[in-house]
Amino acid sequence: SYAPYAPLTIEIKKLKGQPTARVTLRDEGDFHRSFYIEYQSDGFQIKASDWKTDDLIKRYGEGILGLTDSNFQEFANDYVKPALNEILKKL
């Protein structure tokens, strides 16, 4: 469980530009690398297969697997919009 980081860890995280007052799960990256998309008839769901996933959802809620408004906008602009434009060009 998270406890205040040790002083050395705080300095390392500051050098990396990472927050020091909360867990980011960025150093090893196992959780983030385990993300995958499960497609459904009406959309998609982001899931993770890392061993920590269930514990993290219990602690922080399902929102840890979702997209922020900013992330969703970036996804729409970078992926959905170009794909839709290609489909419309073919019509």
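Me: Which residue forms a salt bridge with Glu-86?
Reply: In this predicted model, Glu-86 forms a salt bridge with Lys-89, and the closest N and O atoms of the two are 3.4 Å apart.

Me: Where do Glu-86 and Lys-89 lie?
Reply: Both belong to helix α4, which covers residues 69-89, and they are 3 residues apart there, about one turn of the helix.

Me: And is Lys-89 buried or exposed?
Reply: Lys-89 is exposed, because its relative accessible area is 64% and the cut-off for that word is over 50%.

Me: OK, what about Arg-33, which side chain does it meet in a salt bridge?
Reply: The side chain of Arg-33 meets that of Asp-30, with a distance of 2.8 Å from N to O. These residues are 3 residues apart in helix α2, so about one helical turn separates them.

Me: Arg-33 and accessibility: buried or exposed?
Reply: Arg-33 counts as exposed, because its relative accessibility is 60%. For Asp-30 the relative accessible area is 30%, which means that this residue is partly exposed.

Me: What does Lys-52 form with Asp-50, and how far apart are the closest N and O atoms?
Reply: Lys-52 and Asp-50 form a salt bridge, in which the closest N and O atoms are 2.8 Å apart. As for accessibility, Lys-52 is buried, and Asp-50 is buried as well.

Me: Switching topic, how much space lies in the second largest pocket?
Reply: The second largest pocket holds about 300 Å³ of space.

Me: Which residues line that second largest pocket?
Reply: The lining is made by Arg-22, Val-23, Thr-24, Leu-25, Arg-26, Phe-31, His-32, Phe-35, Leu-56, Tyr-60 and Ile-64. Two helices, α2 (30-33) and α3 (53-60), each supply at least two residues of this lining.

Me: And what does the lining have by class?
Reply: Sorted by class, the lining of the second largest pocket has 7 nonpolar, 2 polar and 2 charged residues.

Me: Where is Tyr-5 found?
Reply: Tyr-5 is found in the segment before α1, and it counts as partly exposed because its relative accessibility is 22%.

Me: What about Lys-14, where is its place?
Reply: Lys-14 has its place in helix α1, which is made of residues 7-16. Lys-14 counts as exposed, because its relative accessibility is 52%.

Me: How far apart are Lys-14 and Trp-51?
Reply: They are 37 residues apart in sequence, and from C-alpha to C-alpha they are 27 Å apart in space.

Me: Last topic, the surface: which residues make the nonpolar patch?
Reply: A nonpolar surface patch of about 510 Å² is made by Ile-37, Tyr-39, Phe-44, Leu-67 and Phe-72.

Me: Where is Phe-44 placed?
Reply: Phe-44 is in strand β2, which covers residues 43-48, and it is partly exposed, because its relative accessible area is 32%.

Key. Residues numbered from 1 in each chain as written. Predicted model: local features only at pLDDT ≥ 70, side-chain atom pairs only at ≥ 80, totals over all residues. Heavy atoms only, no water. 1 Å grid on protein atoms, 1.4 Å probe; cavity = no way out; pocket = protein on both sides within 12 Å on 5 of 7 lines; lining within 4 Å. Points joined across faces, edges and corners; volume = space filled by probe spheres on them. Helix = DSSP H or I, 4+ residues; strand = E, 2+ residues; numbered from the N terminus. Nonpolar A, V, L, I, M, F, W, Y, C, P; charged D, E, K, R; others polar. Buried < 20%, exposed > 50% of the residue type's maximum accessible area, 1.4 Å probe, protein only. Patch = residues over 30% accessible without salt bridge, like charges linked within 9 Å, V, L, I, M, F, W, Y side chains within 5 Å. Areas by Shrake-Rupley, 256 points an atom, 1.4 Å probe, with all protein chains shown as cover. Salt bridge = Lys/Arg side-chain N within 4 Å of Asp/Glu carboxyl O.
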